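Open the model in your viewer and keep a selection panel at hand.

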Amino acid sequence: MPDNLPELRDIHLPSEGVSAFPPAYGWYVIILALIGLWLLWRGFLVLRRKSKKRYAFRLLSAYPQNNIESAVQMSNLLRRICVLKFPLATALFGQEWIDFLNQHCKKKILGQPAKLLINAPYIKLISSEYSAEDVAQLRDFCREWIGENL
């Protein structure tokens with residue numbers, strides 16, 4: 001049997017080591033996938049927020065025009081939004097409720113429309129106490145408040 005040992009050579013280690021850069025293409029795919037997932041999540045959150053606002057505006061426009069029943073429904077809509085966004089504010093009533101709404105909106109509600117918002121659930125549907133203009137001002141305030149807070 002021939003002697004093959006003289007032909008073998010020692011193992012030589014690389015002197016610099018293996019570099020981590022540039023990374024393999026798979027890492028680029030994983031990083032791009034993570035960025036894509038993050039962008040999709042952010043887009044989903046934006047669409048969900050805008051859809052709530054659109055839904056609230058659709059409800060507001062569906063209420064009957066300028067009568068006490070629409071004032072009651074607007075009051076309920078503002079309460080429903082507060083349950084979602086400001087849970088502690090749902091326990092407020094009277095002037096505290098009006099002050100809270102005014103704190104969270106640039107446009108303030110004052111006078112008869114503010115009293116209408118407080119008293120609407122408790123007055124008769126046919127009442128001469130409040131005019132259609134008061135209900136229209138309340139509707140404008142609700143539109144503004146929803147636009148700023150949803």
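Select C142: this residue is buried, at 1% relative accessible area (buried means under 20%, exposed over 50%, partly exposed in between, with a 1.4 Å probe and protein chains only). C142 takes part in no disulfide, and the nearest cysteine sulfur, that of C105, lies 9.5 Å away. A disulfide here is a pair of cysteine sulfur atoms within 2.5 Å. By that rule the model has zero disulfides.

This is a predicted model, in which local features need pLDDT of at least 70 and side-chain atom pairs count only at pLDDT 80 or more, while totals for chains, interfaces and linings use all residues. Residues are numbered from 1 along each chain as its sequence is written, and side-chain values use heavy atoms, with hydrogens and water left out.

Go to C82 next. The relative accessibility of C82 is 0%, so C82 counts as buried. C82 is in no disulfide either; its nearest cysteine sulfur is that of C142, 11 Å away.

Now select R42, L45, V46, R48, R49, K52, L84, K85, N149 and L150, which line the largest pocket. A pocket is an open set of points on a 1 Å grid over the protein atoms alone, where a 1.4 Å probe fits, with protein on both sides within 12 Å along at least five of seven lines; lining residues have an atom within 4 Å of a point. The volume of the largest pocket is about 160 Å³, counted as the space filled by probe spheres set on the points.

Colour the lining by residue class: four are nonpolar, one polar and five charged.

Conventions: Ala, Val, Leu, Ile, Met, Phe, Trp, Tyr, Cys and Pro count as nonpolar, Asp, Glu, Lys and Arg as charged, and the others, Gly among them, as polar.
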